[in-house]
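Please look through the sequence and the model below before reading on. The paragraphs that follow go through the chains, their sheets and the nonpolar core in turn.

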Amino acid sequence: MAPSTGGGIGHVELAHVWKKFHYGEVHNRLRDFIPALVRRALGRPKRSDALWEGEFWALRDVSFELNPGDALGIIGPNGAGKSTILRLLTRILRPTHGTCSARGRIGALIEVAAGFHPDLTGRENIYLQGAIMGMRQREIAQKFDEIVAFSGIEWFLDTPVKRYSSGMHARLGFSIAAHVDPDVLIIDEVLAVGDAAFQRKAFDRVNELVQRDIPVIVVSHQLDAIATFCTEAILLEAGAISFRGSPRDCIAAYLQRTQTEATQLGSTAILLDRLTVEPNDHAVSGETAHATVHCAIRDGQAPGSEAVGIRVRAVDTGEVMFETTTNHFHEALPTTGAFSVACELQLNVRPGMYIVECFVWNSMAGHERGTGLTAHMRVSGGDQFVGPVHMRPRVRVVSAVPS
Amino acid sequence: MRTAVGIDTVKNATPVSGHPRGLRGYVSEPMTTRESSQITLSGRTGAGALAPPTDEQASAKRSLWTDLREQAVDLWAYRELLVQFTRRDIRIRYKQAAIGVIWAVLTPLIVVLSGWVLRLAFGRLSGEMPNDQMMAGVAVKSLGWAFFVGALAFGTASITGHLALITKTYFPRAILPIASVLTQLLDAAIGVAALAIALPFFGVELSWAMLWVVPLALLLVLFTTGVTLVASTANVFFRDAKYLVQIILSFGIFFTPVFFNADAFGATGARIAMLNPIAPLLEGLRLAIVQGHNLMQPLAGFADSLAWTPGYLIYAAVWAVTAFVGSLLLFHRTEFDFAEYV
């Protein structure tokens, strides 16, 4: 643990890293264990390239290198190996094959309250947790007031942590971790700490850390965070890197993957063929976008009570922002052949990533017959407002007229 | 400086076939347009490989020396955390405890009292009532034994008791059991202070031989740390380790010359009793403190037996140093599996 020299020395490298894990219970018998332990103590691990029963590769040939100023986003479905990479970097685990190195002090915004002892007071826990995160006593003492002020728990400083609310607990943990002065920064889904006010403060603090000249690694399901913080991104699937590129391309690739899995339509008369959204990349908050669904009626069938629907979801939360169907507009569908549904959308939404989905709606049955195609859309701009909805303001300043 | 990502050229993504799950893989073109330094993209993308290369470098043999140095450097780097953990353990031990620090004296005191009761019973049988010197000897050895037992009891569960810390943060794991030993050492220090006040009343006089306490105590701490490290590691991998430790804690005292002296078994018996690595340390403490015996000199004991020979000291020292170094090494070799096995 080298003391921080204020940036520039941080460096992260993973070279052809493989990591093996076990399913289920392991080594519950002395008979298997003692030989393994002796072999290990003698420095002769068993050949680790073969997979035994109940073992699998959690990471397969993962390589990347980060220099100061680089920010890498890691995205992928659950169980793809994202956390395993972070645990290798923070030295909790060691790779089965390959090398993994992180130079400089690692500031990990992960499990920020892991070292808290419930019986100790907030004050005592700051020193303990700080030491676990690699801070020197002197350094903690220096930053103590800052940490306390940031967490906003001044009143409860001498109360045992077990009497804290979960929000206070998390806020204190985050405040300590955020004052580490790292050479390498690792962030894992910690942006949802505390109430709205604290979240904004936390976001600003993370943003400030990310702007420093250090390598940064971000793991998040909030694709927005990846797009905001990172200069590069990798998509991890089943332990292997399946895509590398700019965060935007990577997110697009990720969304495309999820789409291929979701195209299971029931038996509908309408066949959803293609979905386009224009503009999909540089859409501006408050402007309009055009979504077009190319469809066809299956041979020998009639649409009957079926309609084509369009839905917009926010990527970061998955929340449905808007949804409508041709039915609502009393648009009748042709009875045979190919057709397309054009939909004009006013993007009165805050900047971010959105998913546009189309689906077949059965108005008789009153439910959806499966979600079809998806497309992603990135909305930017919106610097003239704060909040979830663009209210298309017109602001004028009227000077006072003397009466 | 980083820019809020957005407007740069789209890289061409070309499909790659052969993804193990049947998903399409992509490889992006090498990046050429970026103002910040490049993230080096090496290695295969497209997730084609199913097995690692059977290369030698990955499973290269690590030398004992490298590991030991690595462990020492790491422990030194985290020394402040060791202080913090020790402090924490001490605080927790006396927080919300009705009689607080008195516990530190009470536990060894109970051991001493049981030793005295036993000596009295033996004395009645043999007709030779225990004198002050015997009582003082029992007290000295009881304190040493109480330290060993206490450290082992707390230390064994130190790794498994910190599941969250082990799986979520990194630090040299040896810090946890070592902190348990240091915590126990503080208790022992309080006991030593109490003993120092009590001993003159048993007719123990100051002597130069008492300086032997320093190396003997050091060896006892090294040995205790070694045993605790091994016990805590073993307990990670199989939980029956703590039952074994429990047996040592409960019955070890009958196989260790604490309430009796090793030479009570006669010539051969004494030698066998002294095979126990702690026995020479405890006997040495008793002889140096109570009898003012210089441990460089041999001492005749009960009947034809040998109560002391310098060889015992060497024997105990070899045990203590081997246990300490060996356990650190074993610990370091296994600690990276803790997060997966705990």
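In chain A, Ala71(A) stands opposite Val216(A) of strand E7(A). The model in which this pair is found is a predicted one.

Where do the side chains of strand E7 of chain A point? Val216(A) and Val218(A) point one way from this strand, residues 216-219, while Ile217(A) and Val219(A) point the other way. All four of these residues are buried. For Val218(A), the contacts beyond four places in sequence are Ala71(A), Gly73(A), Ile187(A), Ala225(A), Ile226(A), Phe229(A) and Cys230(A).

These strands are part of an open sheet of 6 strands in chain A, in the order E5-E6-E7-E3-E8-E9, with mixed pairing. Its edge strands are E5 (106-109) and E9 (240-245) of chain A, each of which pairs on one side only. From one strand to the next, the twist averages 20 degrees. At one end of the order, E5(A) and E6(A) run parallel and are joined by 4 bridges. Here Leu109(A) stands opposite Ile187(A) in E6(A). Ile187(A) is also among the contacts of Val218(A).

Chain A holds another open sheet, made of 3 strands in the order E10-E12-E15, and its pairing is antiparallel. Strand E10 (270-278) and strand E15 (338-346) of chain A are at the edges with a single partner strand each, so each has one side without a neighbour in the sheet. The twist in this sheet averages 20 degrees from one strand to the next. Strand E12 (residues 288-297) of chain A is joined to E15(A) by 9 bridges, and the two run antiparallel. Ala291(A) stands opposite Cys343(A) in E15(A).

Seen as a whole, chain A has 8 helices and 17 strands. Of its 403 residues, 47% count as buried. Among its contacts between residues at least 6 apart in sequence, 74% join residues at least 24 apart.

Chain A is divided into domain 1 (11-105 + 181-252) and domain 2 (263-380). How many residues of each domain are in contact with the other? In domain 1 of chain A there are 7, and they are in contact with 6 residues of domain 2 of chain A. On the side of domain 1 that touches domain 2, helix H7 (223-229) and helix H8 (247-262) of chain A each supply at least two residues. The residues on that side of domain 1 of chain A are 4 nonpolar, 1 polar and 2 charged.

Chain B has 11 helices and 4 strands. It has 342 residues, and buried residues make up 40% of them. Among contacts in chain B between residues at least 6 apart in sequence, 75% join residues at least 24 apart.

Ala241(B) lies in helix H8 (residues 241-251) of chain B. Is Ala241(B) buried or partly exposed? Being buried takes 20 or more other C-beta atoms within 10 Å; Ala241(B) has 19 C-beta neighbours inside that distance, so Ala241(B) counts as partly exposed. Leaving out residues up to four places away in sequence, Ala241(B) touches Ala231(B), Ala234(B) and Asn235(B). Ala241(B) and Leu185(B) are 56 residues apart in sequence, and their C-alpha atoms are 23 Å apart in space.

The last topic is the core. In soluble globular proteins, nonpolar side chains tend to be buried together. The largest nonpolar core in this model has 197 residues. Those with the most contacts inside this core are Leu89(A), Ile186(A), Val218(A), Ile226(A), Ile234(A), Val356(A) and Ile175(B). Helix H4 (residues 132-156) of chain B gives the most to this core, with 14 residues. From chain A, the core draws at least three residues from each of domain 1 and domain 2. Val218(A), listed here among the residues with the most contacts inside the core, is one of the buried residues of strand E7 of chain A.

Conventions. Residues are numbered from 1 along each chain as its sequence is written. Chains are lettered from A and ligands numbered from 1 in the order in which they are written. This is a predicted model: local features need pLDDT of at least 70, side-chain atom pairs count only at pLDDT 80 or more; totals for chains, interfaces and linings use all residues. A nonpolar core is a set of buried Ala, Val, Leu, Ile, Met, Phe, Trp, Tyr and Cys residues joined through C-beta atoms within 7 Å. A residue is buried if 20 or more other C-beta atoms lie within 10 Å of its own, exposed if 12 or fewer, and partly exposed in between; C-beta atoms are placed from the backbone. Domain bounds come from an automatic or database domain assignment. Two residues are in contact if their C-beta atoms, placed from the backbone, lie within 7 Å. Two strands pair if DSSP finds at least two bridges between them. Axes are lines fitted to C-alpha atoms, for helices over the stretch in contact, and angles run from 0 to 180 degrees between N-to-C directions. Ala, Val, Leu, Ile, Met, Phe, Trp, Tyr, Cys and Pro count as nonpolar, Asp, Glu, Lys and Arg as charged, and the others, Gly among them, as polar.
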